[in-house]
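Me: I would like to learn how to read the features of a model like this one. Could you take me through them in turn?

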Amino acid sequence: MLDLVVLDELTYTLKYGWLDIDRVVKDLGSRPPMQHVIITGRAAPHRLIQIADTVTELQDTKHAYRAGVRAQLGIDL
């Protein structure tokens, strides 16, 4: 069994209808006890937020790029 599953950018697949939210909610509800799931991406559907234990929204307040610092390999890309 996996203790941690990361579903990177999953919210976009739901937004564009590539995955069914009902199926995702059902599958998340049937995972093994104590298996942690991290889902990333913007604009999570309300149903996903409802079943989540923790929801975080990150906001870019200040970024070096706007001050002329070019993107750095391993940090920005």
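**Reading the model**

Reply: Start with the pocket: strand 2 gives four residues to the lining of the largest pocket, the largest share. This is a predicted model, in which local features need pLDDT of at least 70, side-chain atom pairs count only at pLDDT 80 or more, and totals for chains, interfaces and linings use all residues. Residues are numbered from 1 along each chain as its sequence is written, and side-chain values use heavy atoms, with hydrogens and water left out.

Me: How is a pocket defined, and how much space lies in the largest pocket?

Reply: On a 1 Å grid over the protein atoms alone, a pocket is an open set of points where a 1.4 Å probe fits, with protein on both sides within 12 Å along at least five of seven lines; lining residues have an atom within 4 Å of a point. Points are joined across faces, edges and corners, and the volume is the space filled by probe spheres set on them. Here the largest pocket holds about 1,100 Å³. Its lining has 29 residues, and Ile39, Thr40, Thr54, Val55 and Thr56 are the closest to its centre. Helix 1 (10-15), helix 2 (21-29), strand 2 (36-39) and helix 3 (46-51) each give two or more residues to that lining.

Me: In what order do the elements of the protein chain run?

Reply: Helices (H or I, at least four residues) and strands (E, at least two) are DSSP runs, numbered from the N terminus. The chain has three helices and two strands. From the N terminus, they run β-α-α-β-α.

Me: How does the radius of gyration of the protein chain compare with that of a compact globule?

Reply: The radius is taken over C-alpha atoms, and the globule rule is 2.2 Å times the number of residues to the power 0.38. A compact globule of 77 residues would come near 11 Å, but this chain has 16 Å. Its C-alpha atoms fill a box of roughly 45 × 30 × 20 Å along the principal axes.

Me: Is Thr11 buried or exposed?

Reply: Buried means under 20% relative accessible area, exposed over 50%, partly exposed in between (1.4 Å probe, protein chains only). Thr11 lies in helix 1. At 2% relative accessible area, Thr11 is buried. Contact means heavy atoms within 4.5 Å. Not counting residues up to four places away in sequence, Thr11 touches Ile39, Thr40, Gly41, Arg42, Ala43, Ala44 and Leu48. Across the chain, buried residues make up 12% of the 77.

Me: Where is Gln35?

Reply: Gln35 sits in the loop between helix 2 and strand 2. Gln35 has a relative accessible area of 12%, so this residue counts as buried. Leaving aside neighbours within four places in sequence, Gln35 contacts Met1, Leu2, Asp3 and Val5.

Me: What is the phi of Met34?

Reply: Phi of Met34 is near 65°, a positive value in a residue other than glycine. Met34 lies in the loop between helix 2 and strand 2. Its relative accessibility is 63%, so Met34 counts as exposed. Glu9 has a positive phi of about 65° and is not a glycine. Glu9 is in the loop between strand 1 (4-7) and helix 1. With a relative accessible area of 37%, Glu9 is partly exposed.
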